[in-house]
Amino acid sequence: MNAQNGIRSASADLSKLGIQASAEFWNSAIAELESIALEGGMGRRASSGALAVNTGEFTGRSPKDRFIVKDELTANSVWWGDINMPFEGAKFDGLANQIGSYLSGKPVYVRDVYACADPEYRLKIRVIMELPWSSIFVNNMFLRPSVEELETFEPDWVVLCAPGFRANPAVDGTRQHNFSILNFGRKMILVGGSAYTGEIKKGVFSALNFILPHQRNTLSMHCSANLGEKGDTAVFFGLSGTGKTTLSADPNRKLIGDDEHGWSENNVIFNFEGGCYAKAIDLSEEKEPDIFRAIKQGALLENVVFKPGTDEVDYTDSSITENTRVSYPIEHIRNIAVPSLGHNPKNIFFLTADAFGVLPPISKLTPGQAMYHFISGYTAKVAGTEMGVTEPQPSFSACFGKAFMPLHPTVYGEMLGRKMRENGVNVWLVNTGWSGGSYGVGARMKLSYTRAMITAALEGQLTGVEFTEHPIFGLWIPTACPNVPSELLNPRSTWADKEAYDKTAIDLANRFNKNFEQFASNASNEILAGGPKVGALVK
């Protein structure tokens, strides 16, 4: 066995995992890993300096192939169902042994990192990988220990990532040949059969979404966060296409992080990660200058297409996937908070792209409404976004990240409500979607107006404004906002056909409450009262 350059903990030993590698690359320099990938035909250098790779069969996560080992730690705490599917401990052990054998005789890439910028909640992670560019991704996405910390590094959790290993479903207990499995008893994650690096990132995120709320009384959140000049923290929740990354990237505020955070009992907001994993489709310097400029040497591009005969990426080309991605260390962004911490947020924003044109462009929520809408996690799909979608369709993802939440959504919702009350936090629902009618009739809200509304909320300019209650959703709508036409604030007034608005609003309200039926038995009366008044759920 040939140990390669890189800092290796004195007690590190892969043989404990049944791995006898032909070469071990421990915490190798990024330039070295790039060279290995390029020389091995595993990637291509873009004109920006970034390494571009293709993840093969899987260009996104495979939620139906994500499992959690059911044991004494998880049996009565995990929210079992189509998202959190149980897996046998013995089958997990068998797969772990098989992966150890599979990686033996091959070069193996090891990266020691940690999650959680707050040292009190730090989780040390050792990721053992088959591919050199997976190690670049892990270096980009997680927090990087110092040289001294690496020399004495002892992991809390271990991740084994073997894209070339294929499970046998009939024997191994998986659905198909690929899998992502969490074992809280062994503190281990297995990723096999898929080279999509997001499986590593979201596997660790899922682990933290169990550990922090269940064991550390800390709220874990799928959100972005930034910091104002006066030290005020803002948090942004939102599903894909709602503007979470765009609106949290504010030139007048420092970015804490763009995706995953904790909110501790010590009143600290802390980033889980050390980097960003941004969508790259249709990316341009004009639209997203910070992300565009972050794509340089050290960044990793996934599944992008080059312009013919050049090394220049065509970000408009979705022929491989709509889910083109780039990962980069957070230091590639100029305006960041160092360290990636903030104190209790003054304002929280729930972002939704309501294609029905029903919800106000900005409204203030009571604690009960905040919990209800947080657990609902609403946005809408529009025609053309998916096969068969010909008109707006509601899309609900509990806690704005259902696929990564091992506990029941009401656990996270109750924690959010308690923190709101204890700290006097304002929660705003911001509709970045349609106004004046549904998709195809109305127009999408101008980004400049949305930014003005968020700025007004952050700067306290809505404090003395009169609010009116939405008759169906019960949301509190400001009657005026600086730099925004007042007639846009009440959605019903923007529709030419008021009866059509009422009918559409009632229909959407019923869909909200229909979706919430799955959570009702675990929800408090305060949460249930936070929903729409049409067809409202009661106990």
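**Salt bridges across the chain**

The side chains of R418 and E265 meet in a salt bridge, at 3.4 Å from N to O. R418 lies in helix α10 (residues 409-423) and E265 in the loop between β15 and β16 (268-271), so this pair ties together parts that are 153 residues apart in sequence. R418 counts as partly exposed, at 24% relative accessibility. E265 also counts as partly exposed, at 35%.

This is a predicted model: local features need pLDDT of at least 70, side-chain atom pairs count only at pLDDT 80 or more, and totals for chains, interfaces and linings use all residues. Residues are numbered from 1 along each chain as its sequence is written, and side-chain values use heavy atoms, with hydrogens and water left out.

The terms come next. A salt bridge is a side-chain nitrogen of Lys or Arg within 4 Å of a carboxyl oxygen of Asp or Glu. Helices (H or I, at least four residues) and strands (E, at least two) are DSSP runs, numbered from the N terminus. Buried means under 20% relative accessible area, exposed over 50%, and partly exposed in between (1.4 Å probe, protein chains only).

How many salt bridges does the structure hold? There are 25. One of them joins the side chains of E24 and R8, at 2.9 Å from N to O. E24 sits in strand β2 (residues 23-26), while R8 belongs to the loop between β1 (2-3) and β2, so the contact ties together parts that are 16 residues apart in sequence. R8 is partly exposed, at 29% relative accessibility.

Strand β2 also holds F25. F25 is buried, with a relative accessible area of 10%. The C-alpha atoms of F25 and S135 are separated by 9.4 Å, and the two residues are 110 residues apart along the chain.

Now turn to D259 and K244. Their side chains meet in a salt bridge, at 3.2 Å from N to O. The pair links distant parts of the chain, 15 residues apart: D259 is in the loop between β14 (254-257) and β15 (260-263), and K244 is in helix α7 (residues 244-248). Both D259 and K244 are buried.

Which residues join D259 and K244 in one network? Salt bridges that share partners connect K201, K202, K244, D259, E260 and E273.
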